[in-house]
Amino acid sequence: MKFIISSTTLLKSLQTISGVITTNNTLPILENFLFQGREEDILITASDQETTMSIAVTPSMMEDPDNITIPARILLETLKTYHETPLTFLIDTQSYSVEISADNAKFKLAGQSAEEYPRIPMLEEPATVTVKGELLNRAIIKTIFATGNDEIRPQMAGVFFQFTPEEATFVATDAHKLVRYRRTDAKASETMSFIMPKKPLNQLKNSVPSDDTDVVIEYNVTNARFSFLNVVLVCRLIEGRYPNYEAVIPRDNPNVMTIEKSILLAAIRRVSIYGNQSTHQIRFRIAGQMLSLNAEDIDFQNEALEELTCSYDGEDLEIGFNSKFMLEMLANVEVPRIRLEMSSASRAGLIIPEVEEPGDEDLLMLVMPVMLN
């Protein structure tokens, strides 16, 4: 097998899928890329058995297309040293030797048989929905930070995808915070739902164009497949039932504070520096049209207090929140003003972007309170 390809084109393609590869694989061959020569292009695959990602690249010349696996690390490191250089690959599929020629340089490395590489799972009779790249990208960014790491409850370690004839909903929670992101401009012919793990979501976030590119999502009970442009990602889904997230969202929240997001974000960032770095506790006191933020670390005798003006409708309230969670959520809000809706010091608070006109997207964030010392 012989082909010629631009070093830049190949490097960019390999970097798109290389995040799938891990160094602690039970199968050493998974530290390689699988190259499959076809009539007009080469399909390159990376896998860790749970997540498999493939990308099609078109060489400027190819003879005797065949299959081989090539060590990922050494190939990537070599390509990074070149800038837009034609590379000639000469592959002996009998001895699995790979020879790369560029300008006046020649490199040799040992590949492995493609027959030993695990096969990509096939999806039988999958449910299908098509969404725009922009929508999928935003849904992942808005939710992935709120996923959990609890091995006892693996369902919380992923993002819940739900498509109905009316809307698309994406949910993440770690039991301390929850994010629900809805879009009315994505629909399915029938209700479908599944739980996506974090690793393939990060791969999608880094590779799906944030534009009108169509992303075809197919899924069955065990796997999901995302197809867009020249890329295909197949991953194993998280099994089990997602928690009933709607049940934990408080409906009656008479105490509503509206405030500039950037001002609140900056104040929490400052005050939290002086708080306990293990509990991240910050005290919100709201009375009249004034919000007081207070944090302290008794062990080091550190304390901070900052007062902000706000618009508030409700009874005077004192409630504790985790400043780390508040900062994460506020950083994911893009509008100038937010509403913090609360019912009592012992019930969850809701962070809702204050939008002038309802659009296609609906974002709701929930944060559990912490017990005040």
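Predicted model: local features only at pLDDT ≥ 70, side-chain atom pairs only at ≥ 80, totals over all residues.

Trainee: OK, which sheet do β7 and β8 sit in, and in what order?

Mentor: They belong to an open sheet of five strands, ordered β5-β1-β7-β8-β9, with antiparallel pairing. Its edge strands are β5 (61-63) and β9 (105-110), each of which pairs on one side only. From one strand to the next the twist averages 20°, where axes are lines fitted to C-alpha atoms, for helices over the stretch in contact, and angles run from 0 to 180 degrees between N-to-C directions.

Trainee: Which strands does helix α1 lie across?

Mentor: Helix α1 (residues 7-17) lies across β1 (2-6) and β7, and runs at about 90° to β1.

Trainee: How does α1 pack with α2?

Mentor: Helix α1 and helix α2 (residues 72-79) pack at an angle of about 135°, their axes being 10 Å apart. The contact, meaning heavy atoms within 4.5 Å, is made by S7, L10, L11, L14 and Q15 of α1 with L75, L76 and L79 of α2.

Trainee: Switching topic, what's the order of the eight-strand sheet?

Mentor: Eight strands form an open sheet in the order β6-β2-β3-β4-β17-β16-β15-β10, again with antiparallel pairing. The edges are β6 (67-71) and β10 (127-132), each with a single partner strand, so one side of each is left without a neighbour in the sheet. Strand β10 runs antiparallel to strand β15 (residues 214-219), the two being joined by six bridges, and V129 stands opposite I217 in β15. On this sheet packs α3, which touches β10, β15 and β16 (223-228) and has a direction making about 95° with that of β10.

Trainee: Is β4 buried or exposed?

Mentor: Seven of the seven residues of β4 are buried, so this strand is largely enclosed by the rest of the structure; buried means under 20% relative accessible area, exposed over 50%, partly exposed in between, with a 1.4 Å probe and protein chains only. T51, M53, I55 and V57 point one way from β4, whereas T52, S54 and A56 point the other way.

Trainee: What stands opposite S54 on either side?

Mentor: T45 stands opposite S54 in β4, and S54 in turn stands opposite V232 in β17. Strand β3 (residues 42-47) pairs with β4 in the antiparallel sense over six bridges, and β4 pairs with β17, also antiparallel, over five bridges. The hairpin of β3 and β4 has three residues between the strands, and Q49 there takes a positive phi near 80°.

Trainee: Where does α4 come in?

Mentor: Helix α4 lies across β4 (51-57), β16 and β17 (231-236), running at about 165° to β17. The axes of helix α3 (residues 133-143) and helix α4 (residues 198-207) come within 9 Å and cross at roughly 130°, which makes α3 oblique to α4. Their contact is made by N137, I140 and I141 of α3 and L201, L204 and K205 of α4.

Trainee: Last one: where is M342, and what is it in contact with?

Mentor: M342 lies in strand β24 (residues 337-342) and is buried, with a relative accessible area of 0%. Leaving aside neighbours within four places in sequence, M342 is in contact with N253, P254, N255, I286, Y312, L317, I319 and G349.

Trainee: And the chain overall, how many helices and strands?

Mentor: The secondary structure comes to six helices and 26 strands, and buried residues make up 52% of the 373 residues in the chain.

How values were computed
Residues numbered from 1 in each chain as written. Heavy atoms only, no water. Pairing = 2+ DSSP bridges. Helix = DSSP H or I, 4+ residues; strand = E, 2+ residues; numbered from the N terminus. Parallel < 35°, antiparallel > 145°, perpendicular 65-115°, else oblique.
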